[in-house]
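User: Hi! Could you walk me through this model before I set anything up?

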Amino acid sequence: MHIAWTSFLVALLIIMIVPGPDFVLIMGNAVRSLKKGTEAALGVITGLLVHATLATIGLSALVAAVPTALLVVKVIGALYLAYIGFMTLRTSKATQHQEDKGNVFLRGLLCDLLNPKVMLTFLSLIPQAMDPNSAPLPQAALLSAVTVATFALFWVIVVPCARQLGTVLSKPRIRAAFERVCGTALIGMAASVLAA
């Protein structure tokens, strides 16, 4: 089995460091508290596990092959991203002592699950690295597991570092501006999901 590890890992690294909805959601929560950042990251990682499992057994390929199903996933995902963006903008207007009582883990999970770009990443990146002369299922399982583990390691490093920003963002004006940027970015990403 000759998996193209070098090109796979380079592409995975690029995908990982380009900020997307998951990144914005996790960072926005991590600067509030380490607990919220960790919960958001765990939700996103759980979503990645679901995508990895679906990609490995081929269900995601079926959704991608049926344009109507993919369109439904895109619309639901875009609406959810826009919802999170608007909620983040609303939080930026709240007073510093108001606590967001939403389930951050669930937000992270849904943000990842409803993002068709994550599903398409698994469907486009993993097959490119596979050896066509070897059994596909073990390769897909291995590459999916490496993808999830790499993202999990990334968040283990990033969430505590983002928390350090919390000291800077403890000033209400700076924090409100940061949350406005995060909210606007999520709404923009929702629009880009629909446009894609």
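User: What should I know about the source first?

Analyst: This is a predicted model, where local features need pLDDT of at least 70, side-chain atom pairs count only at pLDDT 80 or more, and totals for chains, interfaces and linings use all residues. Residues are numbered from 1 along each chain as its sequence is written, and side-chain values use heavy atoms, with hydrogens and water left out.

User: Great. How many helices and strands are there in the chain?

Analyst: The chain has nine helices and zero strands. Both are DSSP runs numbered from the N terminus, with helices being H or I of at least four residues and strands E of at least two. In sequence order the pattern reads α-α-α-α-α-α-α-α-α.

User: And what share of the chain is buried?

Analyst: Of the 196 residues, 42% count as buried. Here buried means under 20% relative accessible area, exposed means over 50%, and partly exposed is in between, using a 1.4 Å probe and protein chains only. The accessible surface of the chain comes to about 10300 Å², and 73% of that belongs to carbon and sulfur atoms. Those areas come from the Shrake-Rupley method with a 1.4 Å probe, and for residues only the protein chains shown count as cover.

User: How much of the contact list is between residues 24 or more positions apart?

Analyst: Such pairs account for 85% of the chain's contacts with a separation of 6 or more. A contact means heavy atoms within 4.5 Å.

User: Let's do packing. At what angle do helix 2 and helix 6 pack?

Analyst: Their angle is about 165°, with the axes 9 Å apart. Axes are lines fitted to C-alpha atoms, for helices over the stretch in contact, and angles run from 0 to 180 degrees between N-to-C directions. Helix 2 and helix 6 are therefore roughly antiparallel. For the cut-offs, under 35 degrees is roughly parallel, over 145 roughly antiparallel, 65 to 115 roughly perpendicular, and the rest oblique. On the helix 2 side, Pro21, Asp22, Leu25 and Asn29 meet Val104, Arg107, Gly108, Cys111 and Asp112 of helix 6.

User: Is helix 2 mostly covered or mostly open?

Analyst: Mostly covered: helix 2 spans residues 21–30, and nine of its ten residues are buried. Among them are Val24, Ile26 and Met27.

User: Which residues does helix 3 use against helix 7?

Analyst: The axes of helix 3 (residues 34–57) and helix 7 (residues 116–129) come within 10 Å and cross at roughly 45°. Helix 3 contributes Leu48, His51, Ala52 and Ala55, while helix 7 brings Val118, Met119, Phe122 and Leu123. The two helices are therefore oblique to each other.

User: Switching topic: how many disulfides?

Analyst: The count is zero, a disulfide being a pair of cysteine sulfur atoms within 2.5 Å. Cys111 counts as buried at 1% relative accessibility, whereas Cys161 is partly exposed at 47%.

User: Last one: where is Leu110?

Analyst: Leu110 is in helix 6 (residues 104–113). With a relative accessible area of 27%, Leu110 is partly exposed. Leu110 and Val44 are 66 residues apart in sequence and 7.8 Å apart in space, C-alpha to C-alpha.
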